[in-house]
Amino acid sequence: MRLSIAVALLTGCILSFSPVYDSCGPGRGYGKRRTPRKLTPLAYKQFSPNVAEKTLGASGRYEGKITRNSERFKELKPNYNPDIIFKDEENTGADRMMTQRCMDKLNSLAISVMNVWPGVRLRVTEGWDEDGHHSEESLHYEGRAVDITTSDRDRSKYAMLARLAVEAGFDWVYYESKGHIHCSVKSDHSVAVKTGGCFPGGALVAMEDGTQKPIRELRAGDRVLASTESDGTGDLTYSDVLTFLDRSPVTQKPFFVISTEDGVSVSLTAAHLLFVWLGNCSGGDQPIKGDLRTAYASDVHPGQCLLTVDERNVGEPKKRISRVTRVEVGEDQGAYAPLTAHGTLVVNGVMTSCYAVVNRQQLAHWAFAPLRLLYKWTGPDHINKTGLHWYSRVLLRVGSLVLDPELFHSWALEDHER
């Protein structure tokens, strides 16, 4: 039923969004100015987004308690914003301590509160907890959560306060009790804070002529190393680059840098899909069949194994299974997401998906079938536009409406629009 709804919506969207729309770029386009959105207060016990707090679609997983003696204490900053009242009942300044992301969202919310209710200030009743007063694995222990009210403690305002917190950019907001609103954020070093599924401009792809080319120099019509099967299990082949689902040459983004035991290292944004091997990693040359699944780059960790490609044999590259030894976060320039005819491509010696945000490779490949068919008819898209492809934007809209949050993370759409 859900798929049939998706098909109907997708068909309508594709008919409405022809390639002519792409000439307006990925932004909001020309024409009528948008009228300001009417803000709807949250209902009691409602949370936004409508997923569990510690999932990728909200504030992300718990990373461990921070104490004053721990190395991670330096991640916390004191918030001395005079427009915010800190209850600080412990008289230790703990409620002022928070991550930079939490501080940024809280300061933004403080401005909104004063704009909506002149003379009223934002009040923080609970911030970083160093005394163990919250439940196990509470994000208060990491300085990533705050409980808030208004300075006048007018409970009739709290439903709208929750909505203002959502608008301020908190990653999860919960109208938890009649007495306060709970808000939390992703960790500062989690690339899940960022969006999309891209590679940096310097990432290397293997060309049909045996050379390697930085992805920023790749053009539609080029042929790159990929898998004949969209799930990565097929033979190696050279696949046509049809277009770019996202292309931002000058942007600076954080990337997950994933390194393996055979010296391979690939950088991807958090929501990009990789092929993870579920079998025994010991046999590097074992047949690659049936034991692969896709995972977000942000969920890959040391000890897991990736599908890699040994490109040293020019003209006869071989697939291998390689154990992940290190995962780091680094910043790099450019964000590129090429779409190939097969839905896969080899980047820096690692077999990767062309897709992101939806955590099912086959579903994503199916969703992009109309676009692949379009370029099969018309030929590759040789116009190198900057920004998100019009079709990707349509799918983000549709996905946010019809897909389970476990499959689709709507924060990607929200952040693309910001």
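Good morning. I begin with Phe47, which is partly exposed at 28% relative accessibility; here buried means under 20% relative accessible area, exposed over 50%, and partly exposed in between, with a 1.4 Å probe and protein chains only. The model is predicted, so local features need pLDDT of at least 70 and side-chain atom pairs count only at pLDDT 80 or more, while totals for chains, interfaces and linings use all residues. Residues are numbered from 1 along each chain as its sequence is written, and side-chain values use heavy atoms, with hydrogens and water left out.

Let me turn to the aromatic rings. The structure holds nine aromatic pairs. Rings of Phe, Tyr and Trp (its six-membered ring) pair if their centres lie within 6.5 Å; planes under 30 degrees apart are stacked, over 60 edge-to-face, and the rest tilted. Phe47 and Trp172 make a tilted pair, 5.4 Å centre to centre with 35° between the planes. Because Phe47 lies in strand S1 and Trp172 in strand S7 (residues 172-177), this pair ties together parts that are 125 residues apart in sequence. Helices (H or I, at least four residues) and strands (E, at least two) are DSSP runs, numbered from the N terminus. Trp172 is buried, at 7% relative accessibility. Trp172 also pairs with Tyr174, again tilted, at 5.4 Å centre to centre and 45° between the planes. Tyr174 is buried as well, with a relative accessible area of 18%. Elsewhere, Tyr355, Phe368, Trp390 and Tyr391 form one aromatic cluster.

The peptide bond from Ser48 to Pro49 is cis, with omega near 0°, and Pro49 lies in the loop between strand S1 (47-48) and S2. Lys45, in the loop between helix H1 (2-16) and S1, has a positive phi of about 70° although it is not a glycine. Lys45 is partly exposed, at 40% relative accessibility. A further positive phi, of about 50°, belongs to Asn348, also not a glycine. Asn348 sits in the loop between strand S18 (344-347) and strand S19 (350-356) and is partly exposed, with a relative accessible area of 28%. For context, most residues other than glycine have a negative phi, and most peptide bonds are trans.

I now come to helix H2. At 1.5 Å a residue, the 17 residues of H2 (residues 100-116) should span 24 Å, and the end C-alpha atoms are 25 Å apart, which agrees; the expected span is 1.5 Å times one less than the number of residues. Which residues of H2 are buried? They are Arg101, Cys102, Met103, Lys105, Leu106, Leu109, Ala110 and Val113. These buried residues pack against several elements, including strand S5 (122-126), strand S6 (145-150) and helix H3 (158-168).

How many disulfides does a search of the whole structure find? It finds zero, a disulfide being a pair of cysteine sulfur atoms within 2.5 Å. For Cys102, the nearest cysteine sulfur is that of Cys183, 8.1 Å away. Cys102 is buried, at 0% relative accessibility.

Is Arg123 buried or exposed? Arg123 is buried, with a relative accessible area of 9%. Leaving aside neighbours within four places in sequence, Arg123 is in contact (heavy atoms within 4.5 Å) with residues including Ile85, Asp147, Thr149 and Arg153.

Now the cores. The largest nonpolar core has 47 residues, and those with the most contacts inside it are Val205, Leu218, Ile258, Val300, Leu306 and Tyr355. Such a core is a set of buried Ala, Val, Leu, Ile, Met, Phe, Trp, Tyr and Cys residues joined through side-chain atoms within 4.5 Å. Strand S12 gives the largest share of this core, six residues. Apart from this core lies another, of 30 residues, among them Ile84, Cys102, Leu122 and Leu161.

Finally, Ser239 lies in strand S12 (residues 236-260) and is buried, with a relative accessible area of 0%. The side chains of Ser239 and His342 are joined by a polar contact of 2.7 Å. A polar contact is a pair of N or O atoms within 3.5 Å; within protein, one must be able to donate a hydrogen and the other to accept it, and residues adjacent in sequence count only if both atoms are side-chain atoms. A polar atom of the Ser239 side chain also lies 3.2 Å from the backbone nitrogen of Ala341. Thank you.
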